[in-house]
Amino acid sequence: MIHEKYFEMADKQERLLARKNQKDAHFYNGIYDRYLYPVLTREHIPLTWQYDLDREANPYFMERLGVNAVMNSGAIYLNGKYYLVARIEGNDRKSFFGVAESDNGVDGFRFWEYPILLEDTCPEETNVYDMRLTQHEDGYIYGVFCSESKDKTVKDLSAAVAAAGIVRTKDLKHWERLDNLVTLHSPQQRNVVLHPEFVNGKYAFYTRPMDDFIETGSGGGVGFGLCDDITHGVVDEEKMTSLRKYHTITEAKNGAGAVPIKTDQGWIHIAHGVRNTAAGLRYVIYAFATALDDPSRVIAEPSGLLIGPRGGERVGDVSNVVFTNGAIVNEKGEVYLYYASSDTRLHVAVTDLDRLKDYVFHTPSDPGRSVECVAQRCRLIEKNLRLLAE
């Protein structure tokens, strides 16, 4: 017999899932629109994933397998629908993936009946998270994610080893697990993104070379490497693209985010940058562009952040953080940037290709020093005052 509490909670959840989202009328920057409500939270998780509905087995209707957070989500647009493969973190700290579907990309996201059960091909793997979805020209949809295992070379229980796991599918339902990516000159990898097209006949990856699980060490920024066979992917050489720089938003580390967006002017990348503060690491989202004929060569890098945590977004499990690993461009040229805040919930910001290109290719770059930044701002003020005086 189903516990009567289930029907009360199911009704409450249905009201949440049916709630219409709306643009934040108090926010404006001309680049994108923010939306008031998160598109996914722990409250969106199906009750059947968390509770034993059997009244006899669960007389108090206790949460048996709780969910702590829903965050960093890969994103893809298929047959007129918006799909997110979200990172779902259980109360046990283990993350897993679930597919949520929406008709309009800003609200109404509902999880499929079951989460994704990956093939158990890596017995040392403890945790998986942050899947990027690439619709590749070879006909497959690839998911590249972080595969984390215990670092057995040290006694520290928090020491881990990160690798780039790879799966592929054609329907988001049946997933084939491939070998983890091997980068010969980088001990660890996180935030790896597969480029959607072949480059010189090879599969191309944006990497984040790391010396250990937390610190990038000698890693200089976002890398780029090629491999012949994605089923047994090996990258021999990593060229650097968007670099870490002193006293910028990428000072501590940076990493690729969403799959690059192809435009007539270049590939637009939505990435994350990290700097250290007295309150801990601060994550923001930034953009840059690479050349169409050489996706490793940066041709534009607007100054500063594109999205930073604001208001309630700043509070959560890991506060003062925004992070993205998914974006969608639909047939109308609308761009949906999905980003998580403070490792807790998932939001959307919406723009279009024309505005995004304008931002990336016409926003001035960071000159690097305060005095030059002020001079840059003064030139803008001078121009505006002349216009106002006319």
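**Exercises on rings, strands and surface**

Arg 34 lies over the face of Phe 27, at 5.0 Å from the ring centre. A charge counts as over a ring if NZ of Lys or CZ of Arg is within 6 Å of the ring centre and within 35 degrees of the ring normal. The model is predicted: local features need pLDDT of at least 70, side-chain atom pairs count only at pLDDT 80 or more, and totals for chains, interfaces and linings use all residues. Residues are numbered from 1 along each chain as its sequence is written, and side-chain values use heavy atoms, with hydrogens and water left out.

**Exercise 1.** Classify the aromatic pair of Trp 49 and Phe 111.

*Solution.*
- Rings of Phe, Tyr and Trp (its six-membered ring) pair if their centres lie within 6.5 Å; planes under 30 degrees apart are stacked, over 60 edge-to-face, and the rest tilted.
- The structure holds 16 aromatic pairs. In the pair of Trp 49 and Phe 111, the centres are 5.6 Å apart and the planes make an angle of 55°, and the pair is tilted.
- Trp 49 is in the loop between strand E1 (33-34) and strand E2 (67-78), and Phe 111 is in strand E5 (residues 110-111), 62 residues apart. Strands (E, at least two residues) are DSSP runs, numbered from the N terminus.
- Buried means under 20% relative accessible area, exposed over 50%, and partly exposed in between (1.4 Å probe, protein chains only). Trp 49, at 13%, is therefore buried, and Phe 111, at 10%, is buried as well.

**Exercise 2.** Classify the pair of Tyr 83 and Trp 112.

*Solution.*
- The ring centres of Tyr 83 and Trp 112 are 6.0 Å apart and the planes stand at 80°, so the pair is edge-to-face.
- Tyr 83 belongs to strand E3 (residues 81-90) and Trp 112 to the loop between E5 and E6, so the pair ties together parts 29 residues apart in sequence.
- Both Tyr 83 and Trp 112 are buried.

**Exercise 3.** Find which strands stand at the edges of the five-stranded open sheet.

*Solution.*
- Two strands pair if DSSP finds at least two bridges between them.
- The sheet has the order E6-E7-E8-E9-E15, with mixed pairing.
- Strand E6 (125-135) and strand E15 (234-235) each have a single partner strand, so these two stand at the edges, with one side of each lacking a neighbour in the sheet.
- Inside this order, strand E7 (residues 141-150) and strand E8 (residues 160-169) pair in the antiparallel sense over ten bridges. Ile 141 stands opposite Thr 169 in E8.

**Exercise 4.** Is Val 182 buried or partly exposed?

*Solution.*
- Val 182 lies in strand E9 (residues 176-183).
- Its relative accessibility is 38%, so Val 182 counts as partly exposed.

Technical notes
Helices (H or I, at least four residues) and strands (E, at least two) are DSSP runs, numbered from the N terminus.
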